[in-house]
Amino acid sequence: MESQNEMDYIRRILDGETALFSSILARYSRPIHSMIYRIVPCREDAEELTQDTFLKAFRKLGTYKGDSSFSTWLYRIAYNTAISATRKKKYEFPLLDENLICNMSDEAVDAILGNEDEDLMQQMEKAIELLDVEDKALLTLYYTEERSVSEISSILQLKPDNIKVKLYRVRKKICSLVNSKGYGSR
Amino acid sequence: MDQDKALKKILNTGKRGDLPYGFEDRLMKGILLEAKKQRKRAQIRILGLISSVSLVMVVGTILLIHRYLAVKITMPAPDVRFSPEAGGMFGFFFYIAFLVLVLLVLDTYFRNLRQKPRE
């Protein structure tokens, strides 16, 4: 479904052809769920939030003006829904030792994140689990969904420069966690 | 970022959480239900709008008539008087009505009593 096609679909859905919304579901339900599941560590909650995201999107469909791409708009709703849920349910995320992040060299970061050793990758997977909500969303959008920095900035409502800095820092955070496990409980 | 091969691999193959079977169908049912509700809400809004516009027009018309046509509308109150013989008849009718009411209540009560053991 291309953007022009999507706009046409949205217009028709707003005109009463509700069944066409199934094509939007078919295209976006998996990637949206994938991002939410990264943020919310519970499978059932992630499913419920995916459902909430699409219901909200359907209710607000009339407000979509086409300023950004439809997927960006949808991801923003999903991100805000997931963030509100994490605040309400008070999921706990560990506190990282910020000093450790500063001590990592760029070369060391590149070496760790490029190393496909099984053990190291398992440690990285665990380290990702320990990141905060925004970092997880950022990683999923950038690496899994392959969104551009400007799209991510629109979804997370941050400036593109901030996104670049955050990406740089989150890479370092993962490596710091892998190297030293320097985290405690929040 | 080509140098983050391992990170990319983890994020693409690791925790993705597949959706359960029939998830989209269930969600679509919810969407259709929501569309139905929206249509109902829109109908109620339109009905409310029409009603309020009509009310405003009726009130406006009455005010205009009252102000510019100087029509005085007076409704005579009904003059009801009962003769002394009618009083006795009313007493009798009230007695019959009361009796019917009591019988109806008793009938309902006994019907309920009979139905309960069957359930």
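A residue is called buried here if 20 or more other C-beta atoms lie within 10 Å of its own. The legends below apply this term to a predicted model.

Figure 1. Helix α4 of chain A covers residues 70–89.

**Figure 2. The surroundings of A:Leu49.** A:Leu49 belongs to helix α3 of chain A. Because 22 other C-beta atoms lie within 10 Å, A:Leu49 is buried. Leaving aside residues up to four places away in sequence, A:Leu49 touches A:Ile36, A:Val40, A:Thr81, A:Ala82 and A:Ala85.

**Figure 3. Helix α9 of chain A and its cover.** Helix α9 of chain A runs over residues 149–156. Within α9(A), the residues A:Glu151, A:Ile152, A:Ser154, A:Ile155 and A:Leu156 are buried. The cover over these buried residues includes α4, α8 and α10 of chain A. Just after α9(A), A:Gln157 takes a positive phi of about 55 degrees.

**Figure 4. The packing of α9 against α10 in chain A.** Two packed helices are described by the angle between their axes and the distance between the axes. Helix α10 of chain A spans residues 160–180, and α9(A) packs on it at an angle of about 100 degrees, with the axes 8 Å apart. The angle therefore makes α9(A) roughly perpendicular to α10(A). On the side of α9(A), the contact is formed by A:Val149, A:Ser150, A:Ile152, A:Ser153 and A:Leu156. These residues meet A:Pro160, A:Ile163 and A:Lys164 in α10(A). By class, this contact has five nonpolar, two polar and one charged residues.

**Figure 5. The packing of α8 against α10 in chain A.** Helix α10 of chain A also packs with α8(A), here at an angle of about 105 degrees and with the axes 10 Å apart. The two helices are therefore roughly perpendicular to each other. From α8(A), the residues A:Asp135, A:Leu138, A:Leu139 and A:Tyr142 take part. Their partners in α10(A) are A:Lys166, A:Leu167, A:Val170 and A:Lys173. This contact divides into five nonpolar, no polar and three charged residues.

**Figure 6. The contact between chain A and chain B.** Chain A brings 32 residues to the contact, and chain B brings 25 residues. On the side of chain A, helices α2 (21–39), α3 (43–59), α6 (106–114), α7 (118–129) and α8 (133–144) each supply at least two residues. Helix α2 of chain A gives the most, with 10 residues. The residues on this side of chain A comprise 14 nonpolar, 10 polar and eight charged. For the complex, the predictor gives an ipTM of 0.73 and a pTM of 0.69.

**Figure 7. The two chains and the confidence of the prediction.** Chain A has 10 helices and two strands, and buried residues make up 35% of its 186 residues. Among contacts in chain A between residues at least 6 apart in sequence, 71% join residues at least 24 apart. Chain B has three helices and zero strands, and buried residues make up 5% of its 119 residues. The mean pLDDT of chain A is 84, with 88% of the residues at 70 or above. In chain A, confidence is highest in α3(A), at 93, and lowest in strand β2 (residues 183–184), at a mean of 42. Over residues 182–186 of chain A the pLDDT is below 50, and this stretch has 16 contacts in the model beyond near neighbours in sequence. Chain B averages a pLDDT of 85, and 87% of its residues reach 70 or more. In chain B, confidence is lowest in helix α1 (residues 5–13), at a mean of 81, and highest in helix α2 (residues 23–69), at 91.

Conventions
Residues numbered from 1 in each chain as written. Chains lettered and ligands numbered in written order. Predicted model: local features only at pLDDT ≥ 70, side-chain atom pairs only at ≥ 80, totals over all residues. Axes fitted to C-alpha atoms, helices over the stretch in contact; angles between N-to-C directions. Helix = DSSP H or I, 4+ residues; strand = E, 2+ residues; numbered from the N terminus. Parallel < 35°, antiparallel > 145°, perpendicular 65-115°, else oblique. Contact = placed C-beta atoms within 7 Å. Nonpolar A, V, L, I, M, F, W, Y, C, P; charged D, E, K, R; others polar. pLDDT = per-residue confidence, 0-100. Buried ≥ 20, exposed ≤ 12 C-beta atoms within 10 Å, placed from the backbone. Expected span 1.5 Å × (residues − 1).
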